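Please consult the sequence and the structure shown below while reading.

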Amino acid sequence: MTRVRGWRVLGGVAFVTVAALTSLALGDERSEARRHFESGMAMIRNGRYLPGIAELERANTILPHPSVRYNIARAYADAGLLEEAVASYQGYLAREPEDQRGILLELRELEARLAAEKKTTANARNAAPCQAPPTPSAPEESPGARGDDESSPREGAYREEVVTASRTLESPLDAPNSTTIITRQDIYLSGITRIPELLRRVAGMDVMQITGGDANVSMRGLNGRLSNKVLVLVNGNIVKNDLLGATFWESLTIDVDQLERIEIVRGPGSSLYGADALGGVINIITIAPGEGASGGRAGIGDGGQGYGSVWASQRRGDFAFRVSSGYTRYPRWTRELAPGRTDVTRADVDPNIGAENLRFDLRTALRVGKERSLELGVGFGRSTLDVYGVGPFNDYAVYADYAEATAAFRSKHLVVRTRYSHLGADAQQSHAHLGHSLYESHPTQRVLDTNIELSNAVVGPGSLRHSVLGGVGYRLKKVDWSYLVSPLPIEHHVGAFAQDAVRFGERFGVTASGRLDYVPALRTVVPSARATFLVQPDARGRQAVKASIATAFRSPTFLEAYLDLPVQLQLSGVEVQSSSRRDADPSFRIAPEKILAAELQYQNRSSDDVEFEIAAYYHRISDRIQLAQVRRATLSELAGGVGGLNPETGRYRVGSSGWENSCGVDHVLGGEVGGHYVGVEGLDVFANYAVNYGIRARSGDCADAGDQRTSHHKVNAGAQLRLPSGVNGEVSVHYQTSQSWSEQIASTAGIVDSSFPLPGYQLLNGRVGYAFLRGRRAEVSAVVFNALANVVAPAPQMHPFGNQVGRRLMLFFSYQL
Amino acid sequence: MIFSTLPTRLLFGALLLAGCSDAPTFVPGGAAGGPRGAITGSIVFTGPAPCTRNGTVIGAAIVFAFHEDALPPPEGLATEPAGIAVVTGDQLFRGSSLEFSSSGAALCPSPTASFVSTSSPFALAPLEAGTYQLRGFFDRDGDFNPAFSLFNLPTRGDVAGGAVENPVDALAGAIPHYRSIALGAPSADGTLAIPETGARIDGVSVNLGLSLPNERPMFHVGGVLEGAKGNGELQAIVVPSDYELNSFDTNDPTGTEASLIRLTLAAGFPASEAAAGKAMPYSLPLNDASFAITREDANRDGKRDAADHVPESTVIPSLAPLALMTRLADGSSLVTATPVVFMQGLTLLDSLTATALSKPDLATKRASLVIALRPAAICIDPHHPERPATLLVSHETDGNGKPLIPDPEGTLATLAKRLGRKVELAYGCLRQGNYAMNLVYETGQAWTVPNEAGTCATSEAPSADGLRCGGRARLASQAQMLQVGAPRDPAYCAAHPTPPACAE
């Protein structure tokens with residue numbers, strides 16, 4: 001009689017590792033591996049060890065997982081195949097897992113049993129050569145072996161988990177927000193090397209490429225230049241640019257070859273993350289130190305594209321590191337300045353460069369006890385970027401150096417994390433009409449970010465379970481920039497949050513979270529809250545219905561809070577003073593943008609072949625921060641000494657501008673439906689559709705009509721293929737309908753609002769690759785972006801002032817050690 | 001290895017080389033980056049040494065670019081330049097030997113005591129394709145401010161000039177002939193266009209050397225004669241749209257004069273506003289305010305003689321300052337409507353007879369003058385120079401049946417020459433609405449009422465008594481305006497409506 005005992009499925013050696021190896025959203029190897037895993041486990045429980053082990057081996061081949069290797073070892077041990085069990089344990093220990101000491105004990109016992117068995121067999125042969133060897137004894141529970149962990153779910157390995165929605169590891173079915181994951185497989189098979197383009201496939205995302213180096217990402221109708229309504233994290237650390245609020249994706253210190261996955265939380269997240277998670281949160285999670293093989297990848301493409309990345313990853317006992325260095329070059333698709341222009345002054349920059357980046361990143365992890373680790377990291381990036389600002393400020397050449405240092409201590413209940421970053425840049429307009437300023441500046445930014453989080457699970461009376469989480473955060477920001485007032489204050493941001501996720505039995509749950517943030521520019525504390533009601537209708541917990549309501553806010557960036565810049569008009573001898581403060585109204589302050597969101601979502605993962613979700617949401621957005629209308633100079637201002645000839649600029653001030661909160665309130669209704677099919681091994685198919693409609697309600701004399709800068713309809717679809725021969729690839733299609741933008745432009749009449757329609761467009765992207773050599777260490781691949789450009793329609797613009805985004809082809813070669 | 005074969009190396013090399021070319025050019029609609037025109041050159045200053053204060057030079061040199069189809073008064077009706085370049089006094093006089101007060105106090109050398117010659121580069125861009133004239137001045141007293149019509153023109157003592165073809169003669173007092181600067185390349189239809197690489201004219205000299213002898217013709221309406229024809233209320237002088245003259249006969253100057261609604265304009269501001277007008281933010285030179293009246297070179301022949309007369313009569317000289325009543329945009333008290341509808345007043349020396357008897361070399365200063373309102377308006381679209389202008393006259397004849405335009409061809413020809421386009425004649429009621437009153441010297445110095453001094457801006461809260469706007473005094477005399485109001489005979493206007501060219 002065989003017993004299956006002590007099946008300890010390692011749900012998480014370290015939560016990062018587990019999460020890193022089990023995440024999935026858009027369909028990939030995980031589902032296939034999980035099928036084989038579950039099939040194998042079922043066979044093993046029924047005593048069919050060898051076929052069960054074969055299934056586990058197949059799962060591990062598709063997607064290596066330490067839990068699977070351990071389970072294989074245990075299965076061999078239970079089957080009495082001690083030599084195989086020893087070999088499997090040794091293979092498991094070769095990865096130097098956190099629990100290696102306990103496993104070593106098991107292994108020693110097994111080796112002792114094996115030795116004893118061999119001795120017994122040898123004695124038996126010597127004593128009675130014609131006697132049959134003794135029947136293997138029934139497997140005994142190994143001394144010291146861990147007992148059955150009856151709380152471990154059957155699908156312990158390859159369990160899909162996300163960390164961003166609640167700042168703790170959980171199933172997407174339990175997450176209080178709609179969550180999408182872009183997996184390592186998605187990144188690999190798509191061939192996309194720009195992180196924003198990877199995000200385009202997520203339902204409801206707006207990805208706007210303006211130049212080769214300026215991409216803006218938003219979601220659910222919050223599209224805009226210098227997009228600042230989505231909080232972007234790398235491994236939980238905020239990486240947005242505090243000067244502008246936007247994220248300069250190309251200046252991150254990691255490239256796509258270092259990514260494990262990207263978690264996208266759709267919907268407000270300020271109740272946990274504070275200011276700026278107005279529309280959602282994007283958490284870029286890198287491959288953990290020590291994970292994966294070392295290697296490199298190089299690529300070249302038309303238009304002068306270039307890509308290079310090398311990395312090394314190793315574990316030595318309790319210490320692991322991952323170091324990487326990369327180079328990318330993305331030219332502009334088109335340029336505004338024709339060669340030989342005689343009417344302009346040019347900056348000394350390459351007019352063809354969209355982005356050129358050099359990056360270095362080192363992350364280390366040291367185990368310092370049971371379920372405790374210390375992580376240290378440094379990163380550096382040097383970028384040349386062509387970016388577009390807001391209003392009449394377009395086509396900026398930015399040369400920036402960026403450095404960061406991170407440290408984190410993690411234990412089962414405590415996370416302490418700190419990060420220091422420094423940005424120094426030279427920025428100026430790429431060109432200007434003769435007699436006009438290039439607005440040369442040298443901004444610097446220093447940010448220190450420290451967070452402490454405590455979490456615990458509390459079991460209440462009956463079937464009540466609480467997962468409580470709380471924490472505090474401190475963020476110091478020091479900025480110097482000639483566009484802003486001088487001297488600039490050092491900002492000290494403080495926040496505190498708490499969350500309680502309550503489960504009433506297996507099917508019902510409520511998650512409530514709240515946060516208070518002190519915003520220095522506003523001199524006030526801003527609250528945010530979220531409540532989610534969860535129902536899981538089926539006993540297996542593979543469906544979920546969620547209703548949530550949340551508030552969030554976005555605090556003014558440094559540019560919005562402290563702007564003080566004379567802006568030259570098209571008539572070169574005059575300017576308007578663009579300031580966050582108003583001479584005529586010293587009490588004027590920009591209010592934070594606010595959102596009230598309600599969402600209803602249904603997720604279904606009942607089938608191993610198909611999973612889908614439907615979400616519908618309502619947003620009420622108020623106090624949108626936008627460029628103010630120009631206010632003509634008045635005689636009262638002149639009487640107060642404001643106006644006239646500015647001796648610093650040599651121009652006459654004819655008015656004022658700056659920022660304002662929109663007097664209108666946006667009411668947005670939207671929805672997303674998406675799913676993926678993994679029923680055929682090696683083939684994953686995904687598709688999603690998003691709809692978004694909004695109206696702006698105005699009262700009184702509010703004349704701000706807004707615009708329609710988010711497409712009403714967006715569709716994504718694609719298929720990924722992995723063949724045993726080593727051929728693999730992906731084809732994906734994106735389509736979105738038209739938009740209409742209201743933008744401020746410079747004219748001889750001053751700075752005026754003008755409307756710009758933008759037609760809808762489609763993108764067809766594809767990648768084909770061939771992996772070869774033993775272990776598929778080497779691979780060649782070809783990637784095409786926007787294959788249909790100038791074939792079925794002109795190359796599209798994604799913003800009225802942006803480049804025509806054309807077709808790009810790249811060839812890659814990669815090799816792993 | 002994959003790199004070991006020569007064909008592979010060549011392939012990679014070819015790909016690398018093939019990629020590095022210029023990105024194609026694409027100028028997004030609405031972006032300001034498209035090719036335009038530029039005019040550069042030097043400001044050449046020859047004139048009195050500038051004033052200084054606190055170690056810096058007071059004032060700046062301002063160069064305006066005007067499209068030849070949209071010149072400012074008196075040649076045209078433009079109120080906004082196509083381009084403006086500013087060179088601060090510190091930049092212009094860098095390298096000049098100047099006087100500074102040791103205490104930092106303002107120091108202004110006598111305009112006749114010391115002369116300075118200097119130059120400094122300037123650039124005007126972006127400009128559309130077209131033909132331009134450059135005009136400018138050095139703001140010696142530092143009171144120029146383009147944000148307000150009160151301060152956006154040169155004043156006495158400023159040193160004026162432009163890109164002229166006769167700089168020496170102009171400095172001696174001759175009428176300047178401004179250089180026509182063609183910007184752009186000829187296109188198939190003969191017009192100028194900006195090529196893809198932009199258009200640029202270099203080496204243009206803007207000569208500044210003419211010290212302006214007079215202040216701007218600041219005024220207020222002191223009285224209305226024959227106002228009963230309309231409404232003689234000074235703050236809103238009403239002229240009926242079917243304004244009719246009882247008599248318009250050069251043989252009957254008294255009767256003709258009595259037929260005309262006349263405004264008595266007084267130089268400066270009323271005594272009650274003088275103190276406020278001299279204080280901040282106005283600081284206007286109101287002491288001994290007067291008008292400098294001369295005969296106008298109406299036919300632009302460079303001479304002031306008997307040939308410079310009003311279109312209606314050869315015996316009535318055309319005097320400066322010119323009086324133009326420009327229609328204001330509906331709902332605004334400061335913005336000129338487009339197309340421009342203006343009534344040109346008749347500048348008189350006390351009376352029609354006195355005016356007729358004045359000499360060609362008339363140059364006098366008066367504390368007041370009389371503007372007679374013609375029952376006519378000119379309708380012109382400055383943005384479409386190809387479209388003809390319309391001379392709109394309220395009646396064909398006076399009350400005695402005498403034609404108001406006895407020589408239509410001659411009148412239209414004179415106007416065409418003046419306006420630079422064909423002029424058509426129409427009879428009908430005048431376009432109703434509010435009209436600003438403008439006085440314009442031949443130097444281009446002008447004054448407009450209503451202006452900002454009499455009107456509160458949106459952000460300036462008016463006081464309950466109407467005497468203040470926000471943080472400054474409100475000058476009621478500068479809110480006066482002319483109105484073309486309802487007709488006395490609606491049936492006449494129904495039968496003779498305002499033509500479309502004037503009614504848009």
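With which residue does A:Arg335 form a salt bridge? The partner is B:Asp22, with the closest N and O atoms 3.5 Å apart; a salt bridge is a side-chain nitrogen of Lys or Arg within 4 Å of a carboxyl oxygen of Asp or Glu.

This is a predicted model, in which local features need pLDDT of at least 70 and side-chain atom pairs count only at pLDDT 80 or more, while totals for chains, interfaces and linings use all residues. Residues are numbered from 1 along each chain as its sequence is written, chains are lettered from A and ligands numbered from 1 in the order in which they are written, and side-chain values use heavy atoms, without hydrogens and water.

**Interface between chain A and chain B**

- Chain A contributes 52 residues to the contact and chain B contributes 64 residues, contact meaning heavy atoms within 4.5 Å.
- About 4,500 Å² is buried between the two chains, and carbon and sulfur atoms give 63% of this area; buried area is the accessible area (1.4 Å probe) that two parts lose on being put together, summed over both.
- On the side of chain A, the residues that lose the most area to chain B are A:Ile300, A:Leu635 and A:Tyr652, together 16% of what that side buries.
- The count between chain A and chain B is one salt bridge.
- There are 14 residue pairs in polar contact between the chains, both residues being at pLDDT 80 or more. A polar contact is a pair of N or O atoms within 3.5 Å; within protein, one must be able to donate a hydrogen and the other to accept it, and residues adjacent in sequence count only if both atoms are side-chain atoms.
- Helix H11(A) gives the most to the side of chain A that touches chain B, with four residues. Helices (H or I, at least four residues) and strands (E, at least two) are DSSP runs, numbered from the N terminus.

**A:Arg322**

- A:Arg322 lies in strand S10 (residues 319-331) of chain A.
- A:Arg322 is buried and has no salt bridge, the nearest side chain of opposite charge being A:Asp255 at 7.2 Å. Buried means under 20% relative accessible area, with a 1.4 Å probe and protein chains only; Lys and Arg count as positive and Asp and Glu as negative, whereas His and the chain ends are not counted.
- The A:Arg322 side chain reaches the backbone oxygen of A:Asp257 at 3.5 Å.

**Sheet in chain B**

- Three strands form an open antiparallel sheet in the order S17-S16-S20; two strands pair if DSSP finds at least two bridges between them.
- Strands S17 (319-320) and S20 (363-366) of chain B each have a single partner strand, so one side of each is left without a neighbour in the sheet.
- B:Ile293 has B:Thr364 in S20(B) as its bridge partner.

Methods: Buried < 20%, exposed > 50% of the residue type's maximum accessible area, 1.4 Å probe, protein only.
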